[in-house]
Each structure stands twice: as structure tokens, then as C-alpha cells.
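Let us take a friendly walk through a protein model together. Have the sequence and the 3D view open, and take your time at each stop.

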Amino acid sequence: MQPLLQTKQLTKVYRVDAIETPALRGVNLEIYPGEFTALAGPSGSGKSTLLYLMGGLDKPTAGEVWLGGQRIDGLSKAQLAQLRLWQVGFVFQAYNLIPVLTALENAAFVLELRGEPREVREAKALEALQVLGMQDYAHRRPNQLSGGQQQRVAVARALAARPKIILADEPTANLDSKTGLALIEHMRSLNREQGITFVFSTHDPRLLERVDRIVRLEDGQIAA
Amino acid sequence: MFNLFSLSWRNIWRHRGRSLLTAGAVGLAVFFTLFYLSFLGAMENSIYNNLTASVGHLQVRVEGYREKREFRDLLIPGVAQVEARLAAQTQAQWVVALEVPALVAGETRSRGVLLIGDRRPAALREAFAKQYLAEGQLPEADDLEGIALGASLARALRLKLGDPVYVYAPGTEGRGAGAYRLVGLLRFPEAAQEARSAYLSLAAAQELAAPGGATRIELHFPFTRYSQDAQLAVVQPQLAASLGPGLSVESWREASPAIAQIFALLTPLVLIFAAIFFGLAGLLVVNTIYLGLLERTRELGVMVALGAGPAQVARMVVLESLLLCSSGAVVGGALGLLTIAALSGGFSLEALYGPVGSEFGLPSVVYLSLRAWDIPITLGFALATGLLAAWWPARVAARLEPVEAMRFTA
Ligand SMILES: Nc1ncnc2c1ncn2[C@@H]1O[C@H](COP(=O)(O)OP(=O)(O)OP(=O)(O)O)[C@@H](O)[C@H]1O
Ligand SMILES: [Mg+2]
């Protein structure tokens, strides 16, 4: 089977004021459709960097990224924005939502950027909120939601846009472990029931028990 | 359900105080610009109307009359034919005047004056009397006896209504001298004019100095606003061509070049001030929009990460700036229009510049009125302020790198 997402000798060196920090050092990773993958590793091991490069948020120093059979590491800024808009879903650590928009509007945000008509995006966003059990909070603003609820809205936003893959960078980092676990369970059932491919990073070992595939990073490399 | 428009709107009001202040500054600029433009419009109209009421919109005279010294050379040849042409070609009313340098004397004293014999249509006559007649009446059209004098001239000659007045016009083609009765006293804003004004009927002046003669034909168009003056640019050359080479057709501009020049300067001057107002308000807008961006760097980073392109982000910033400016403009504009409407019934300016103002033709009561372009020009300023103020913040926002923006926590 073709991998949905593939990195080849992926290398990233951050350069700030002539100081070079190697964040990734030749990462080869393949993600297959329908997989539920966790990136584990200590702080500074390169988890975020890897997710960013896989999602076309940043460009690698060397190596290749392939998404759905297309090589994306050389794309222009505008092309990458289009790619993210249409093919990749993101969930970030915290402060993911736009504070002036309601949960429903946040869930519909990507669809709005795509220019979908109002009824369509409303229906899709509401459906996604329902899947995550957030339909009753549709008209609340983020500051009227708990941290866990906010993250569920962020997942709903990614879900509503039906991307090829959802990348989540420590989606549970700001949640207590029970809420964090519940969020991962939501993602897990989306993966099982709708076949959505997830890659998420975490350094909470308890979450790793719920995952079929764990990729461990250490010092910018995949640990054996 | 939201769209980017309402997102921008909500973003503006996240910092209510700051945005209110900024929108208020734009509103103030709109308010003052509208007010000044309407004030200017009012001044223009009334100066224009006063001026043209006294000198007419166009004047027909002998070509090169300024250089001519001989009274005889100033007479318009074929006055009747000229009048026939005017009747055929314009919808103006006109005054036929014969101006004669003359000596006016009472029982004991005499003064040199410019004697004017004129024939005015009823409406113009009424307007003239209303504006300048202080006492008594104007000589009737067929009155060969009555004379009206400037009030200060009459005082200098020790004359009162009913007294005999002697006029000498040597070197002319009529009787050259005559005795009249003082029937009216005139008051003019300019002291010099009052001291040397004497009015007869046209018939009386012709009998005195030039049978059938006239030196000036003054055309009055039914204009009420300065903006209508543009029509003269068409009429004036047409008339000049049809009257032929011996006669000149001048407009009030040539008669009062200083006022014409002031007119040309007023609007640009107000617009320069408006540009300064809006420039200052624009700095506040830049500040507000840019601070808003800085505070939302992380949030914008998320938007870009989710796929918002540079153009979409820039559009959002421009939209915020335009909304901020236009909300100020709507409020300032509404208040401005209300104020103008409230003052359009006229308010007195005497307190501001005193009675001296009328010497310069400044109106004592101003009726605020907007000209056709005043509102679009003002809104154009507000719009331009919104666009220019957004330009730099929009560029900054469009260049945002999502990864860096999301690391930003402030
Ligand atoms: N924008 C940047 N500029 C400079 N160095 C960076 C930048 N981003 C990350 N790094 C460095 O790259 C390395 C990998 O960082 P990364 O954020 O990918 O790690 P991580 O595994 O996500 O860590 P954490 O668990 O703390 O989130 C670290 O040494 C980090 O300091
Ligand atoms: Mg990280």
C-alpha cells in the first residue's frame, strides 16, 4: 500500500543568530491511511518540528516530504497554504480557537476559508461538533468552554474539513490527564469509525497505551 | 453564522476603548470636513450672490474700455441691436447703464462723482433697492427729475431728501447740465463707493450726456449657487462671438479678479486641512490596527496554519481598518449632516468678524449648504485613510510565518 505521508532523510536545522540547532536529523517515516500514530519523545526531541514539516507549515533544511503521492517540501508559501487548507487538519497545543468566534463558527473556519457556502459549512461544522459531543455548546465562545471542550472544538474544526490527515501537536498538553484521555478516545473513535488518519505528539506515557503505533524520537532521530 | 467580514468587525471591538478613540478621531475628521465644506459652500454662495447682484454675471462694454479716456469712446454702438441679440441668446435679465463722470452740487458744495443712469427690470430693481436703498426711493424708469445719492455724498453736500441737486457733465453729447431733486439715499458697504455714487434713470442720464447711449450692459442670470457659475464658461464666449469685435463680454471674474482668485483657493485650502485631519486620524488607525495584530500574533499564526493565504490575511487587516474608519465616518457623517441641517436655516456671523466683514462682501448670515461633491469627497478621505493606514500592517500580516507566529506568546 502507498503511504499517505512519507518523509525521506528529513533534516531541519534552526538557525538563530548564527547558532544552529539541529532539530531533525534524517527522519524516515511512513504513515499509512487509517493509522493512529503517536510521536513520543522527550522535550526538544523534534516532535513539533516533524509535525510542522509533515503538514507543510515549514520547510525542511534537507530531505523530502511526500503527501498523498505529491512531494511538498519544495512548494511555495502560497502553495503550502493551499495544501494545508485542502488536505491537512491541525490541532495545536492550546489557544487553538479564535476567541471572537463561537464553537460552531470556529468549527466552520476552514470551510469559510475555502469559500464554501454558508449552509454547507454550517451543516458540516454542526455535524463535526456532534461527533465530538459538543453540539450543545455550539454557540458558546471559547472563553465559555473548558480546556477539554476547546480542544474537542479544535478537533471538530479539523474533522469538519475532511482532510487527508489530522496532525495534532500535543493536543492534551494543557488538559488534566482524565480530560486528555477522553480527547484521545474521541480521536481514536474517529479513527476507527471514519478511518481518519491521525498523527499526534505527546509526552504523556499513559496516552501511549491507547495507540497502535508509537514513533519515538530522540535528539531529532527515530529511536529504534 | 460568521464570515470574514463579521470576524473583522468583532476583532475591532475586542479593544473597545482604543477602537472607539480611533473611530472617534476619524469621525471627528469627517465631521469637521463636512462642516467646513458646507460652511465654505455657504460662504461661496452668498459672496457670489452678493457680488453678482451688484455687478451682474457678465458685462458688455466697448472693447478695451479700460484704456479709453474719452467719454464718447465708451459708448456702446447700436445698443438696441445688442439688446435684441441678448434677448435671442440668453435667459438672463439685464441692466442698461450709462456711466458719466460728472460734478454734483448742492446749494453750497460740489463733488466729482460717477453718475449712473440705469434701467433695470423690476425684479433687479427691487433687489437693488432692498440691498442699498437707505431712505426714500430710486428714480422711476421714466423719471427725468429724481436723483439718488450715496448717503455720505448727500451728507457731504449738505443735502436732504427733496433738496435740489445740480449735475454738470461737461464734454458730453447731451445737455451737459441739469437740475434734479434728491429722492433717495443709498448705502453701500464700501465707503468709497458711497461717497461717489449718484443714480438717475437711464432716460435722464441719456438726456444729460448721450441721447440713446449706454456704456455698460450688465447681465444677471437666474443663478442662486456658485456651482452654476460654470455655465458662464459656455455662454460668455458664445455671446462675445455673436456681439462681434467692437464689444467685450467680461464676467464678474474679470471685474473682481481678487475675489475670483480667493474662490479658486478656498476649496483646495479646506481640502488640505482635511488631509491633515485625516492624516492624524490615520496615524491612530495604523497604531490601533498594528497593536491589534501584535496582540493576536498567535491567533493569526493558527489561521495561517489552517490555510489562510497571505491575501486572505491581508484582506482581513484591510477590512478591519476600513470598518474602523467607516464606523467612525458613519457616526461623524451623521452628526455632521444633522448639524448642517440644523444650521441650514442660517446663523449670524456678526459676532465673529463684526460689521467690517460686510465691506469685504462677507455675508452676515450664513446658510450652511453642501455642494454635490462634498459628501463623496469626505467619504473618499475616510476610505483613503482606511486603506492607507492598513497598507503597512497588512503587509506585515501577509508575511507572517505560522510556525514563528505560534511560538509567539505575548
Ligand atoms: N523556531 C525555532 N528556532 C530555533 N530553534 C528551535 C525552533 N523551534 C524549535 N527549535 C529547537 O529545535 C529542537 C526541537 O524542537 P521541537 O519544538 O521540535 O521539540 P519538541 O519535541 O516538540 O519539544 P516539546 O516536547 O518541548 O514540545 C529544540 O532544541 C528546540 O529548541
Ligand atoms: Mg513541541
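Which residue of β8(B) does B:G117 stand opposite? The residue to look for is B:L200. Before going further, keep in mind that this is a predicted model.

To see one place where they face each other, find B:L103, which stands opposite B:G112 in β3(B). If you follow the chain from β2(B) to β3(B), you pass through a hairpin of 4 residues.

Next, turn to chain A, where we can look at whole sheets. One is an open sheet of 4 strands, and its order is β2-β1-β4-β5, with antiparallel pairing. The edges of this sheet are β2 and β5 (70-71) of chain A; each has a single partner strand, so one side of each has no neighbour in the sheet. Further in, β1(A) pairs with strand β4, residues 62-67 of chain A, in the antiparallel sense over 5 bridges. You can pick out one residue pair here: A:Q6 has A:W66 in β4(A) as its bridge partner.

Chain A also has an open sheet of 6 strands, in the order β6-β7-β8-β3-β9-β10, and its pairing is mixed. At its edges stand β6 (88-91) and β10 (221-222) of chain A, each with a single partner strand, so one side of each is left without a neighbour in the sheet. For β6(A), the strand alongside is β7 of chain A, residues 165-169; the two pair in the parallel sense over 4 bridges. Within this pairing, A:F90 stands opposite A:L167 in β7(A).

Now let us visit the ligand. Where does ligand 1 lie? Its place is between chains A and B, and the space it takes is the second largest pocket. There are 15 residues around ligand 1, and those that come nearest are A:S43, A:G44, A:K47, A:S48 and A:T49. Sorted by class, this shell has 8 polar, 4 nonpolar and 3 charged residues.

Some elements from our tour return here. In chain A, β1 (5-16), β2 (19-31) and α1 (47-54) each supply at least two residues of the shell around ligand 1. The largest share comes from α1(A), with 3 residues.

Finally, zoom in on single atoms. A polar side-chain atom of A:K47 is 2.7 Å from an oxygen atom of ligand 1. With A:G46, the backbone takes part: one of its N or O atoms lies 3.0 Å from an oxygen atom of ligand 1. The side chain of A:E170 has an N or O atom 3.1 Å from a ligand 1 oxygen atom. How much of ligand 1 does the protein bury? Taken alone, ligand 1 exposes 630 Å², and the protein buries 74% of that.

Notes. Residues numbered from 1 in each chain as written. Chains lettered and ligands numbered in written order. Predicted model: local features only at pLDDT ≥ 70, side-chain atom pairs only at ≥ 80, totals over all residues. Heavy atoms only, no water. Near = heavy atom within 4 Å. Polar contact = N/O pair within 3.5 Å; in protein donor to acceptor, adjacent residues only side chain to side chain. Areas by Shrake-Rupley, 256 points an atom, 1.4 Å probe, with all protein chains shown as cover. 1 Å grid on protein atoms, 1.4 Å probe; cavity = no way out; pocket = protein on both sides within 12 Å on 5 of 7 lines; lining within 4 Å. Sits in = over half its atoms within 2 Å of the grid points. Nonpolar A, V, L, I, M, F, W, Y, C, P; charged D, E, K, R; others polar. Pairing = 2+ DSSP bridges.
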